[in-house]
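Biologist: I would like to learn how to read the ligand sites and charged pairs in a model like this one. Could we take the features one at a time?

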Amino acid sequence: MTLRIGVIGTGAIGRDHIRRITNDLTGGEIVAVTDVNAESAKNVVSELHLNAKIYENGHDVIKADDVDAIIVTSWGPTHEEFVLASIAAGKPVFCEKPLATTAEGCKRIVDAEVAHGKQLVQVGFMRRFDKSYRQLKKIFDEGKVGEALVVHCAHRNPTAPGFSGDMAITDSFVHEIDVLRWLLDDDYVSCQVILPRNTRFAENGLQDPHMILLETKKGIRIDTEVFVNCKYGYDIQCQIVGETGIANLPEPQSVLMRSEAKLSTEIYVDWKDRFIDSYDVELQEWIDSTVKGEMNGPSAWDGYVVAVTSDACVEAKHSGGIVAIELPERPAFYDQGNNKVL
Ligand code: NAI
Ligand code: NAD
Ligand code: ISE
């Protein structure tokens, strides 16, 4: 069976997901698209030679009889509305992060999904599908470095066009929030944000970099440098310090060069390239499991936990204090997936 997919939002990542489903993956076909910028939707249909209908708005895509499943890649503030409408229509929905821009919005989605009675929502946290993170998790789960004590991370973008306010946390650091609780099989209890000297390259009054400290239930301490105008490249680092050893996230594969009196390897500059394989695996697994009637990736609950943690980090940034991260019990409904965290 081919999964007939409708896409809401044909910007940077929407277009990229449409391209991969159309050209690289199997089992899915884009049959409907929409974008508030009608020109953008039209362009993607003609440039990628899609046999897809262009709709006036997201709700018409969700309602269309020939659409089996939805991908939401519009701007963050629109996600909640489209995910809730997909649940109301009983259709599986893959939503790019954030699930909603507030924790309350994510909770409304969790409540709607639980009331519906079947898991329909997957959130676009693609690092869980990344080969290097999966290798690191395997080593850790096999006990090769013992129990984790400390984790050091870095999330660096060369530039951050369009970033303002707290987006380094709400748009970038959210990936660490998701992937680290999956990696360590733990949840967070508190956070603190330390603001170092600001780079002169930060625009729009942005603080950059941030040092974000998280403490987990098991007592693991995580420090992450989030530096979104680092200039030199797109660089994601993660090191687990365990009781008996250290495990590092593998560097992306690239040719080791000896040239011009230098021994060097390339560093990516774009998240699209660094995680290109992960997005492929993520969407292929989503198509395959959706066709089987399953939902195995990051859930609405995971999206909610990220939002609660991200809100606490924003509060900690502005207060300068240590902020508790408090979550309600996870509904038993979410035990059935294979992506359990705690
Ligand atoms: P973008 O700005 O390039 O694209 C967003 C698109 O949504 C635009 O074309 C806009 O016209 C459209 N749009 C906005 N409101 C709409 C509405 N109500 N109905 C239909 N279309 C609407 O943004 P980008 O970079 O593609 O990001 C989109 C989403 O993907 C964001 O939520 C972002 O956080 C997420 N994202 C996830 C990444 C990941 O690594 N998982 C990477 C980049 C973005
Ligand atoms: P973008 O601005 O390039 O694209 C967003 C698109 O949504 C635009 O084309 C816009 O016109 C459209 N849009 C906005 N409101 C809409 C609406 N109501 N109906 C239909 N279309 C609407 O942004 P982007 O970089 O593609 O990011 C989109 C989403 O993807 C964001 O939520 C972002 O956080 C997420 N994202 C995730 C990753 C990741 O690594 N997982 C990477 C990039 C972006
Ligand atoms: C972007 O929106 C993403 O989601 C990327 O994965 C992330 O690494 C980057 O920092 C964000 O700007």
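Modeller: Start with one contact: a side-chain N or O atom of Glu-96 is 3.0 Å from a nitrogen atom of ligand 2. Keep in mind that this is a predicted model.

Biologist: Which other polar atoms of the protein lie by ligand 2, one from Gly-124 and one from His-175?

Modeller: Gly-124 brings a backbone N or O atom to 3.3 Å from a nitrogen atom of ligand 2. His-175 places a polar side-chain atom 3.5 Å from an oxygen atom of ligand 2. Of the 830 Å² of accessible area that ligand 2 has on its own, the protein covers 84%.

Biologist: How many residues are around ligand 2, and which come nearest?

Modeller: There are 24 residues around ligand 2, and the nearest are Ala-12, Asp-35, Trp-75, Lys-97 and Tyr-279. By class, the shell divides into ten nonpolar, ten polar and four charged residues. Helices α1 (12-23), α4 (79-88) and α7 each supply at least two residues of this shell.

Biologist: Asp-35 is on that list. Where in the chain is Asp-35?

Modeller: Asp-35 sits in the loop between β2 (28-34) and α2 (38-47).

Biologist: How should I read a charged residue in such a place: is Asp-35 buried or exposed, and what is the nearest side chain of opposite charge?

Modeller: Asp-35 is buried and has no salt bridge; Arg-15, the nearest side chain of opposite charge, is 7.7 Å away. Turning to the backbone, the nitrogen of Thr-10 lies 2.6 Å from a polar atom of the Asp-35 side chain. The backbone nitrogen of Asn-37 is 2.9 Å from a polar atom of that side chain.

Biologist: Now ligand 3. Which residues are around ligand 3?

Modeller: The residues around ligand 3 are Lys-97, Met-126, His-155, Asn-157, Phe-163, Asp-171, Ser-172, His-175, Tyr-234 and Trp-271. Four of the shell residues are nonpolar, four are polar and two are charged. Helix α7 (residues 167-184) gives the largest share of the shell, three residues.

Biologist: What are the distances from the side chains of His-155, Asp-171 and Tyr-234 to oxygen atoms of ligand 3?

Modeller: Read each as a pair of polar atoms. For His-155, a polar side-chain atom lies 2.8 Å from an oxygen atom of ligand 3. For Asp-171, the distance from a polar side-chain atom to a ligand 3 oxygen is 2.7 Å. For Tyr-234, a side-chain N or O atom is 2.4 Å from an oxygen atom of ligand 3. The protein covers 89% of the 300 Å² of accessible area that ligand 3 has on its own.

Biologist: How many salt bridges does a search of the whole structure find?

Modeller: The search finds 27 salt bridges. One of them joins Lys-97 to Asp-171, with the closest N and O atoms 3.5 Å apart. This pair links distant parts of the chain, 74 residues apart: Lys-97 is in the loop between β5 (93-95) and α5 (103-116), and Asp-171 is in helix α7.

Biologist: Is Lys-97 buried or exposed, and how does Asp-171 count?

Modeller: Lys-97 has a relative accessible area of 15%, so Lys-97 is buried. Asp-171, at 26% relative accessibility, counts as partly exposed.

Biologist: Which residues form salt bridges with Arg-181?

Modeller: Asp-187 and Arg-181 meet through their side chains in a salt bridge of 2.6 Å, N to O. Both Asp-187 and Arg-181 are buried. Asp-302 also forms a salt bridge with Arg-181, where the closest N and O atoms are 2.9 Å apart. Asp-302 lies in helix α10 (residues 300-319) and Arg-181 in helix α7, so this pair ties together parts that are 121 residues apart in sequence. Asp-302 is buried, as is Arg-181.

Biologist: Which residues are joined into one network by salt bridges that share partners?

Modeller: That network is made of Asp-16, Arg-19, Arg-20, Asp-24 and Asp-280.

Notes. Residues numbered from 1 in each chain as written. Chains lettered and ligands numbered in written order. Predicted model: local features only at pLDDT ≥ 70, side-chain atom pairs only at ≥ 80, totals over all residues. Heavy atoms only, no water. Near = heavy atom within 4 Å. Polar contact = N/O pair within 3.5 Å; in protein donor to acceptor, adjacent residues only side chain to side chain. Areas by Shrake-Rupley, 256 points an atom, 1.4 Å probe, with all protein chains shown as cover. Helix = DSSP H or I, 4+ residues; strand = E, 2+ residues; numbered from the N terminus. Nonpolar A, V, L, I, M, F, W, Y, C, P; charged D, E, K, R; others polar. Buried < 20%, exposed > 50% of the residue type's maximum accessible area, 1.4 Å probe, protein only. Lys, Arg positive; Asp, Glu negative; His and termini not counted. Salt bridge = Lys/Arg side-chain N within 4 Å of Asp/Glu carboxyl O.
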